[in-house]
Each structure stands twice: as C-alpha cells, then as structure tokens.
Number of protein chains: 2
Amino acid sequence: MPKAKYADIYKDLKSKIEAGEYEFQELLPSENHLVLAYDCSRNTIRRAISALVTDGYVQTMQGKGVRNIFQPTSRTSFTIGGIESFKESAIRNHQTPRTEVLCLTELTADIKISDRTGFPVGSELYYVQRLHYLDEKALIINHNYFLKDVVTNLTEEIAENSVYEYLENVLHVSIVTSKRTMTVEKMTEIDEKYLDLGDYNCLAVVSSQTYNSDGIMFEYTQSRHRPDYFRFQDNATRRTL
Amino acid sequence: MPKAKYADIYKDLKSKIEAGEYEFQELLPSENHLVLAYDCSRNTIRRAISALVTDGYVQTMQGKGVRNIFQPTSRTSFTIGGIESFKESAIRNHQTPRTEVLCLTELTADIKISDRTGFPVGSELYYVQRLHYLDEKALIINHNYFLKDVVTNLTEEIAENSVYEYLENVLHVSIVTSKRTMTVEKMTEIDEKYLDLGDYNCLAVVSSQTYNSDGIMFEYTQSRHRPDYFRFQDNATRRTL
DNA sequence: ACACAAAACTTGTTTAAACAAATTTTAAAA
DNA sequence: TTTTAAAATTTGTTTAAACAAGTTTTGTGT
C-alpha cells in the first residue's frame with residue numbers, strides 16, 4: 001500500500017516547507033483549507049500534519065493553527081536520524097561512501113554473545129566487521145551480527161556494497177523497528193588501529209537491535225564512530241499521555 | 001483535554017505489557033476484540049496502539065496482528081528518552097537528584113550567542129550554569145539560555161529545584177517540541193574542574209532547542225555528560241512515506 | 001472609545017462505516 | 001492425503017459527521 005494519499009500530502013507539504021514556501025513561524029493554511037486544496041477528508045490532512053509534527057517541521061496549536069518551525073540545518077558532518085544504512089546516510093549528506101570488509105565469519109551465540117546482542121543462546125549468526133569511509137576518511141567501525149535464518153547466504157561482496165539493499169531488494173525482508181542505544185566508550189586497539197582518532201581517547205557508540213516485519217530480531221549492530229564526525233539528531237515531543 | 005480515552009487505553013495496555021501479561025512475541029488481542037473490551041471505536045484503539053508502536057512496545061503486522069516486542073531494560077545508568085527534566089529522569093531511574101547553581105546571570109544575545117543558540121541577536125536572556133548530581137556523583141554540567149520574555153523572574157532557588165516545574169506549574173508554559181543534537185566533544189577546563197572524568201578526555205554533549213505551545217523557542221540548553229554515565233535510548237521506525 | 005458577548009474559526013477527540021490488502025482458517029475437490 | 005479455492009480474520013486507508021476546546025474576529029451596547 002505505498003500509494004497512500006496522506007503520504008503524498010505529507011511529501012508535498014514537506015517539500016513546500018523545505019522550499020521556503022512558508023516563512024519560519026508562519027501559519028500553514030488551516031485544515032479546512034487544505035481539505036479543499038487536496039480534495040480529501042480532514043482526517044487525511046491531519047495524518048499528514050501529524051507526520052510533519054513528529055519530524056519537527058511544524059507545531060500544532062489548538063485554536064490557532066499549524067506553525068512552521070522548520071529551520072535548515074548546516075549538515076557539516078555525518079548526521080544520523082531514522083533507520084538508514086550507511087550508504088543512504090552518505091548519499092543524503094552528499095558524500096561518497098566506501099566500505100571495507102575486515103572480517104566475515106559464522107558463529108553460534110554463546111552466553112556472552114547472547115547477553116550483549118539479545119539473540120538467544122545457540123542462534124546461528126553471521127558476524128561481520130566493516131570499516132566505513134566517507135570521502136576516503138575512515139569514520140566508523142561496524143560490528144554486525146545477523147541471524148542466518150533471515151539473512152541467508154551473506155557474502156563479502158554483499159557486505160561491501162550494502163546489506164540493507166540485499167535484504168530489501170533480494171531477500172524482501174522489510175525492516176520495521178530498531179531499538180537504539182547511544183553511549184560513549186573508551187577506544188579499543190581495533191578502533192585505534194583503523195580510525196584516526198587524533199587526541200580523542202573515546203568514541204561514540206550506537207548499538208541497535210533491528211526487527212523485521214515478522215517481529216523477529218534479526219540484526220544486532222554496534223557502530224563505533226570517530227567522535228569528531230559524529231552527530232545524532234532527534235526530535236522529541238512532550239506527550240500528554 | 002487530558003481525559004482523552006485513547007490515552008487511558010494506551011496507559012492500560014502499556015502497564016499490562018510491562019507487567020508481563022503478554023509474553024514476548026505474543027500477539028495482543030485483535031482490534032475488534034479490544035473494541036469490545038474497552039467499549040470504544042476501532043479508531044480509538046488504533047490510536048492507542050499507534051502510540052505503543054512509537055514507544056517500541058509493539059509491532060503491527062498487516063493481516064497477522066499486533067506483536068509484543070517489549071523487553072525490560074537493565075537501566076544501570078542515567079537514561080534519557082523523551083522531553084524530561086533532570087529531576088524527572090532521576091526519579092524514573094530511582095535515583096536521588098541534587099542540583100548546584102554555579103552561575104545565574106542576565107545577558108543579551110550577540111552574534112556569537114545567536115549563532116550557537118538560535119536566538120535572534122538582541123534577545124534578552126537568562127544564562128544559567130548548573131551542576132547536576134545523581135546519588136552525590138557529579139554527572140552533568142548544564143548551560144541553559146532562557147528567553148526572559150517567557151521565563152520571567154528566574155531565581156537561584158527555582159534553578160536549584162526545577163525550572164521545568166516552575167514553567168509548567170507557575171508560569172503555565174507548556175513545553176511541546178524539542179530539537180536535540182548529540183555529539184562527543186573534548187573536555188574543557190570547566191568540565192574537568194567539576195566532573196570526575198577519570199581517564200576520559202571527552203564528554204557526551206546534548207544540545208537542544210525547546211519550543212513552547214506558541215511555537216516560540218524559549219530555551220537553548222547544552223548538557224555536558226560524564227561519558228561513563230551517559231546513555232541515550234531511541235526507537236526508530238522505518239517510514240514508508 | 002471601550003467592554004463585553006456572540007459568532008466564527010481553529011485544532012482535538014470520538015464514532016461509524018466502507019473498502020483495500022495481507023494473512024489465516026476452513027471447506028471443497030482432486 | 002494433498003492441493004486448491006473460498007471464506008473469515010486482521011490490520012491499513014479513507015470518508016463523513018458530530019461535538020469539545022481554545023483562539024480570534026465581529027458586532028452590539030454602553
């Protein structure tokens with residue numbers, strides 16, 4: 001169902017906001033006006049606006065209207081947001097990605113791996129260690145654990161290009177939810193060997209558990225980022241629940 | 001409108017999930033069953049479930065059902081998620097907070113401050129520097145800039161307790177959206193002076209711009225966290241938009 | 001000119017209904 | 001027993017309508 005109407009309206013409004021069609025702090029047309037403009041129901045409009053709210057593009061105010069609070073960011077460094085592959089992020093930030101596979105092995109989850117990753121003991125896994133370059137600078141070391149039941153026949157060529165492309169286009173595995181944790185950790189010998197850390201003695205570490213559309217966790221990844229090129233953006237809304 | 005029905009259903013389902021009423025990976029009752037159980041419309045049920053999805057509690061699968069993917073986390077360190085004050089986070093993590101005000105001054109935004117904070121040049125601001133303790137360990141240095149038009153009559157007593165409580169309960173300013181950026185930065189002399197950084201030579205830095213219900217940005221904050229106690233959790237869903 | 005009330009307008013919540021799309025179950029046929 | 005088709009179930013999208021709640025505008029009366 002990728003032809004949802006609210007998604008089209010969302011995209012259209014988003015691009016208009018990004019193009020500066022509405023001033024910063026200006027009110028968007030009211031829901032009733034948008035209903036006429038897009039020839040749809042009010043619910044559909046509200047759904048599109050709701051998506052813009054979670055993106056931090058607009059702010060709704062009961063009785064007043066919907067205010068544009070979008071401000072273009074100067075994305076000088078590698079910025080991560082939603083669920084994206086390294087390749088996708090790089091392209092979005094207009095940079096050239098390259099990936100080097102340091103290691104690709106198969107292993108069975110023991111108690112130690114199970115504790116760290118969340119996979120049950122005994123799970124058959126692929127373990128991949130990769131080095132990600134951006135504009136020929138080594139920025140990220142990735143430690144991936146993939147469930148072999150889901151990610152079948154993983155090869156070095158696939159790992160070098162994009163595992164996510166392989167998952168979505170070849171295996172038709174759809175990624176849905178990803179639980180992430182960000183921490184700061186001391187550098188290891190491996191980090192020091194592959195990344196140019198300069199004076200820094202620690203890294204930004206993003207650990208994530210990813211679920212497919214069957215609700216199965218099929219990936220655990222630890223991404224270790226060179227700190228001077230790490231930037232994570234987020235948009236929080238205070239829930240009245 | 002805090003008596004919304006979908007919010008009650010959301011809370012009830014959430015507490016049931018947390019209480020282990022549904023097994024991990026088990027399907028929740030179908031929407032139609034929940035409609036009968038809660039005596040409401042299907043839309044209201046869907047709204048509650050939608051909130052659980054964004055919280056990472058459940059996963060919806062078209063044609064199949066709604067799967068519980070909640071796993072209790074071992075929150076050993078200070079974990080931040082939505083828009084919360086330091087005090088709220090501490091209480092949620094069952095720890096004792098204490099705040100020390102290092103400095104409280106008034107200033108006018110020049111070009112340098114404007115660039116860093118996003119406030120227009122000439123804005124009248126309060127600048128507050130605070131040290132946050134958790135169980136008597138100094139963990140965070142906070143640099144706050146508040147718009148004086150909104151945050152009127154800020155005192156050291158208020159800053160020591162909770163500015164957010166003052167905002168919501170006294171000034172009736174409702175916080176709505178917060179744009180956050182996480183980075184890793186080298187320590188400064190101030191960081192070194194007040195925080196016990198051990199071997200670490202950098203910190204986790206969270207910068208945020210906070211908007212009130214009028215769509216006005218009234219706060220800019222930079223929180224500098226002791227890295228070994230910093231943990232940020234997130235839940236990303238792949239959008240098909 | 002000012003104050004106040006009413007009306008109009010805006011977003012927020014809820015219900016009801018219909019259909020689409022994906023999956024599972026059931027039943028029939030080979 | 002196995003296969004296949006139909007039916008039932010489940011979530012996803014959209015429309016229409018009504019009312020609630022907050023804000024702004026309008027108009028009336030003093």
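In this predicted model, the contact between chain A and chain B takes 45 residues from chain B and 44 residues from chain A. The side of chain B that touches chain A is made up of 20 nonpolar, 15 polar and 10 charged residues.

Strand pairing also joins the two chains. Strand β7 of chain A, residues 175-186, pairs with β10(B). The sense is antiparallel, and the pairing runs over six bridges. One bridge links A:M182 to B:F232, which lies in β10(B).

Chain A is assigned two domains. Domain 1 covers residues 5-68, and domain 2 covers residues 78-231. The C-alpha centres of these two domains of chain A lie 35 Å apart.

DNA strand D has 20 residues around it. Those that come nearest are A:K5, A:C40, A:N43, A:G63 and B:E31. Both chains supply elements that give two or more residues to the surface near DNA strand D. From chain A these are α1 (5-18) and α3 (42-54). From chain B they are α2 (31-38) and β2 (65-68). By class, the surface near DNA strand D has six nonpolar, 11 polar and three charged residues.

Conventions
Residues numbered from 1 in each chain as written. Chains lettered and ligands numbered in written order. Predicted model: local features only at pLDDT ≥ 70, side-chain atom pairs only at ≥ 80, totals over all residues. Near = placed C-beta within 6 Å. Helix = DSSP H or I, 4+ residues; strand = E, 2+ residues; numbered from the N terminus. Nonpolar A, V, L, I, M, F, W, Y, C, P; charged D, E, K, R; others polar. Domains from an automatic or database assignment. Contact = placed C-beta atoms within 7 Å. Pairing = 2+ DSSP bridges.
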